[in-house]
Amino acid sequence: MSAIPDDQARLSSSGEDPVYIHKPSLMGAPWELRLRPEALEWRTGRHEGRIPYGRVTRVRLSFRPVTMQTRRFIAEVWSAGGPRLSIASTSWRSMVEQASQDQAYGAFVRELHRRIAAAGVTPAYDCGSPALLYWPGLAVFAGVVVGFAMLIVRALDTGAYSGAAVVGAFFALFVWQVTTSATLGREAPRHLL
């Protein structure tokens with residue numbers, strides 16, 4: 001694979017193999033993924049590999065926001081005898097900036113799916129977070145909601161109206177962020193494919 005100096009996302013329009021580049025962490029090396037005619041090739045730093053499309057066993061699309069990027073999608077690809085690859089729709093640019101690469105990411109994931117289907121395999125397709133993460137997360141969310149409600153009631157009971165207003169504002173922000181994430185999480189597969 002050729003060296004690419006930065007973490008730009010690009011898809012070739014001149015018949016070359018599609019390439020997607022992203023930097024999933026601030027300190028790590030960028031990931032370069034290339035769709036060859038027979039396999040998905042990947043490279044990060046000194047490590048590289050390839051996954052033939054016919055060996056892909058599972059694909060998961062999910063919505064996973066992070067602090068700096070509230071609109072972040074992940075495609076995970078499993079293969080027989082190979083590593084799990086995580087392909088993110090965002091790329092770190094600096095300590096405070098993550099760039100969204102939605103269009104290039106969506107085009108790359110669609111083309112990857114087309115090539116997997118053309119290989120004649122039927123991998124398992126999953127959407128969203130695994131149940132082992134989703135249900136405990138829902139329980140934590142419910143606990144935080146109850147905790148915020150109890151703090152607001154207690155503050156109003158003691159006459160600390162400004163404290164109740166501050167806790168209420170944080171409560172509203174928290175509920176807004178979680179419901180926005182849940183809505184985008186349901187729409188992630190339709191948005192990308």
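**Reading the strands and their neighbours**

Modeller: Strand β1 (residues 19–22) and β2 pair in the antiparallel sense over four bridges. Two strands count as paired if DSSP finds at least two bridges between them, and the strands themselves (E, at least two residues), like the helices (H or I, at least four), are DSSP runs numbered from the N terminus. This is a predicted model, in which local features need pLDDT of at least 70 and side-chain atom pairs count only at pLDDT 80 or more, whereas totals for chains, interfaces and linings use all residues. Residues are numbered from 1 along each chain as its sequence is written, and side-chain values use heavy atoms, with hydrogens and water left out.

Biologist: What is the order of the strands in the open sheet with antiparallel pairing?

Modeller: The order is β1-β2-β3-β4. Its edge strands are β1 and β4 (47–52), each of which pairs on one side only, and neighbouring strands are turned by 15° against each other on average, direction ignored. For such angles, axes are lines fitted to C-alpha atoms, for helices over the stretch in contact, and the values run from 0 to 180 degrees between N-to-C directions.

Biologist: How many of the five residues of β2 are buried?

Modeller: Buried means under 20% relative accessible area, exposed means over 50%, and partly exposed lies in between, with a 1.4 Å probe and protein chains only. Four of the five residues of β2 (residues 31–35) are buried, so this strand is largely enclosed by the rest of the structure. In the protein as a whole, 35% of the 193 residues count as buried.

Biologist: What is the pairing in the open sheet with the order β7-β6-β5-β10?

Modeller: The pairing in that sheet of four strands is mixed. β7 and β10 (124–127) stand at its edges with a single partner strand each, so one side of each is left without a neighbour in the sheet. Strand β5 (residues 56–63) pairs with β10 in the parallel sense over four bridges, and L61 has C127 as its bridge partner there. Strand β6 (residues 73–79), by contrast, pairs with strand β7 (residues 85–88) in the antiparallel sense over four bridges, where the bridge partner of I74 is A88. β6 and β7 form a hairpin with five residues between them, and G81 in the turn has a positive phi of about 75°.

Biologist: Where does helix α1 lie, and at what angle does it run to β6?

Modeller: Helix α1 (residues 102–118) lies across β5, β6, β7 and β10, running at about 25° to β6. Helix α1 also lies across β1, β2 and β3, where it runs at about 45° to β2. Contact here means heavy atoms within 4.5 Å.

Biologist: How many helices and strands does the protein have?

Modeller: The protein has three helices and 10 strands, and from the N terminus on its elements run β-β-β-β-β-β-β-β-β-α-β-α-α.
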